[in-house]
Amino acid sequence: MATEPPPSPEVIEMMSAHPRPSVVRPGTDRAAHRRALLALPVAALLVSAGCASGSNDQASDQATGAEQQTVTATVTAPTGSTPTENTPTENTQTGNAPATDGFDPANCDTDRTGQDITGDIVVRSGQTCLLADLTVNGDLDVHHGGSVELRGVRVTEDVEAEGHAFVLVSGGEVSGSIELDQGGEAVVENVRIGGTLESEQNSGPQRFEGNTIGGDLECEDNAHVPTGGGNQVAGEREGQCAAL
């Protein structure tokens with residue numbers, strides 16, 4: 001069998017300049033295509049996870065920002081306001097409520113000097129109320145068996161005593177009237193009275209002296225004829241006090 005002679009140098013040079021095209025095997029191309037298809041779901045999952053992670057990171061950043069804003073708002077809240085709900089207020093004696101010093105105008109059984117009283121004063125049975133150099137913004141009532149002494153006191157309304165044990169009103173002023181009924185001893189001296197001075201059916205001695213009376217001076221049915229004098233009466237002098 002005859003052998004082919006080797007190619008000449010010119011042929012070798014031409015073959016080197018123009019190499020043969022590579023041949024792709026059909027089986028190899030299908031395998032690569034299959035691997036690419038299998039990789040697509042994995043890539044989709046990775047992309048989805050990345051998006052979810054980005055959303056969570058963004059939500060976390062937003063929550064952190066909200067918390068920082070809340071903390072900032074709390075820290076920078078105004079601190080110079082003055083509380084008003086629990087602000088202490090000055091105690092004021094009104095009506096018949098007991099005062100902070102223990103004085104009870106609804107049960108006056110003590111002495112009080114120089115401190116004005118707002119509201120009515122009541123002196124009950126067995127009590128002795130001593131008031132001096134102050135103003136009573138209301139009535140003064142003396143019940144059966146009670147005693148009262150007013151020295152330099154201004155009463156803006158009436159002084160009413162019924163069944164009293166003892167009443168003394170010395171100096172000061174009573175804007176209303178003084179009424180003394182069915183009681184014991186009573187003395188009214190040097191008082192400016194806006195209304196009437198009345199004394200009726202008292203068992204004890206009565207003395208009325210040096211008063212300025214804007215209304216009448218009336219005395220009736222007392223066990224003892226009232227004494228005194230020097231009263232200036234704008235109205236009428238009646239009964240047992242006609243000469244006073």
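Okay, let's start with Asn190, which sits in the loop between strand E13, residues 185-189, and strand E14, residues 192-193. Keep in mind that what we're looking at is a predicted model.

Now hop along to Gln201. You'll find Gln201 in the loop that runs between strand E15, 197-200, and strand E16, 206-209. Again, this is not a glycine, and again phi is positive, at about 55 degrees. For Gln201 the relative accessible area is 41%, so we call Gln201 partly exposed.

Which sheet is E14 in? E14 belongs to an open sheet of 7 strands, and if you read across, the order goes E2-E5-E8-E11-E14-E17-E20, with parallel pairing. At the edges you've got strand E2, residues 117-118, and strand E20, residues 232-233, and each of those pairs on one side only.

Let me zoom in on one pairing in there. E11, that's residues 173-174, pairs with E14 in the parallel sense, over 2 bridges. If you want a residue pair to click on, take Glu173: its bridge partner in E14 is Arg192.

That's my tour, thanks.

Definitions and conventions. Residues are numbered from 1 along each chain as its sequence is written. This is a predicted model: local features need pLDDT of at least 70, side-chain atom pairs count only at pLDDT 80 or more; totals for chains, interfaces and linings use all residues. Side-chain values use heavy atoms; hydrogens and water are left out. Helices (H or I, at least four residues) and strands (E, at least two) are DSSP runs, numbered from the N terminus. Buried means under 20% relative accessible area, exposed over 50%, partly exposed in between (1.4 Å probe, protein chains only). Two strands pair if DSSP finds at least two bridges between them.
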